[in-house]
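Please look at the sequence and the structure before reading on.

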Amino acid sequence: MQFHDRPLAPEALDQIFNEARSYNGWLDKDVTVAQIEAIHDLMKMGPTSANMQPARIVWVKSPDAKEKLAECVMEGNRQKVLTAPVTALIAYDIDFHEQLPWLFPHTDARSWFAGDEAAREEGAFRNSSLQGAYLMIAARALGLDCGPMSGFNADAVNAAFFADQPRHRINFICAVGYGDPASIFGRSPRPDFATFDSIV
Ligand SMILES: Cc1cc2nc3c(=O)[nH]c(=O)nc-3n(C[C@H](O)[C@H](O)[C@H](O)COP(=O)(O)O)c2cc1C
C-alpha cells in the first residue's frame, strides 16, 4: 500500500506536531502495558541504518524503579519522573552489530561494524536518537503525551538500570503519560523556514 499524496488530516498533524507539547507534569492516569507495547510496535517501523535498531529501552513504571530513577536525575526533573505514569530510558547497545544477521539478512552488515567501536558508537547514538523521536511520534499518535529529558547523570542511570548490560549506554529519557496543561509555559518560538534552512 502506498500513501502518495495522501497527507494526514490536519487534526492528526495537530495531535502529533502543531499542538503537541513537552509536558512537565502529569494527570493521574495510568499508561498500560498494552499502550507501552503499542508504542513499541509503531516505533520499531521507523527507519534506522541497516535496520540496526540499536535502542534498548527500559520502561520505568513501578514505584521502586521511579524512586531509583529520581536519584539519577537533576533536581528539576525529579518530580517529573516520580509522577509520570512511565518513563522510557532510551539506551543504545554499542554491540548492536551482533543482531544484524537477523535484522538485516540481505547482506553481511555485521562485518561493516565488527572491530570498529567508534563507528558503532556513532551509528548507535545517531539511530537510537532517531528511535527516541519515533517513540515520541508514536506515543502522540496513540493519544499520549511526552516529556523528553536529558537532565540526568548518565553514569548513574547506566549503573542503576544497565549494570547487567555494560554494553548498553543511556541516550535520553522520556516520560510518557497524559500531560497536565497546567505544567507548561507558553510555546517557545520556532524558526521560519529561511532562518536555518535552504534549498540548493
Ligand atoms: C533530548 C531532549 C532533552 C530535554 N531535556 C529536558 C530536561 O532535562 N528537562 C526539561 O524540563 N525539559 C527538557 N527537554 C524539553 C525541551 O525543553 C522541550 O522539548 C522544548 O523546549 C520544546 O517544548 P515544546 O515541545 O513544548 O514546544 C528536553 C527535550 C529534548 C528533546
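In this predicted model, helix α3, which covers residues 63-70, packs against helix α4, residues 75-83, at an angle of about 170°, and their axes are 9 Å apart. Because angles over 145 degrees count as roughly antiparallel, α3 is roughly antiparallel to α4. On the α3 side the contact is made by Lys66, Leu69 and Ala70, which meet Arg78, Val81 and Leu82 in α4. Sorted by class, this contact of α3 with α4 has 4 nonpolar and 2 charged residues, with no polar ones.

The protein chain as a whole comes to 9 helices and 4 strands, and along the sequence these follow the pattern α-α-β-α-α-β-α-α-α-β-α-β-α. The radius of gyration of the protein chain is 18 Å, close to the 16 Å that the globule rule gives for 200 residues, so the chain is as compact as a globular protein of that length. Its C-alpha trace spans about 50 × 45 × 35 Å along the principal axes. Of the 200 residues, 32% count as buried, and among contacts with a separation of 6 or more, 84% come from residues 24 or more positions apart.

The ligand, finally, has a shell of residues around it that includes Arg21, Asn24, Asn77, Met149, Phe172 and Arg187. The table divides the residues of this shell by class.

| Class | Residues in the shell around the ligand |
|---|---|
| Nonpolar | 4 residues |
| Polar | 6 residues |

Note on methods:
Residues are numbered from 1 along each chain as its sequence is written. This is a predicted model: local features need pLDDT of at least 70, side-chain atom pairs count only at pLDDT 80 or more; totals for chains, interfaces and linings use all residues. A residue is near a molecule or strand if its C-beta atom, placed from the backbone, lies within 6 Å of it. Ala, Val, Leu, Ile, Met, Phe, Trp, Tyr, Cys and Pro count as nonpolar, Asp, Glu, Lys and Arg as charged, and the others, Gly among them, as polar. Axes are lines fitted to C-alpha atoms, for helices over the stretch in contact, and angles run from 0 to 180 degrees between N-to-C directions. Helices (H or I, at least four residues) and strands (E, at least two) are DSSP runs, numbered from the N terminus. Angles under 35 degrees count as roughly parallel, over 145 as roughly antiparallel, 65 to 115 as roughly perpendicular and the rest as oblique. Two residues are in contact if their C-beta atoms, placed from the backbone, lie within 7 Å. The radius of gyration is taken over C-alpha atoms; the globule rule is 2.2 Å times the number of residues to the power 0.38. A residue is buried if 20 or more other C-beta atoms lie within 10 Å of its own, exposed if 12 or fewer, and partly exposed in between; C-beta atoms are placed from the backbone.
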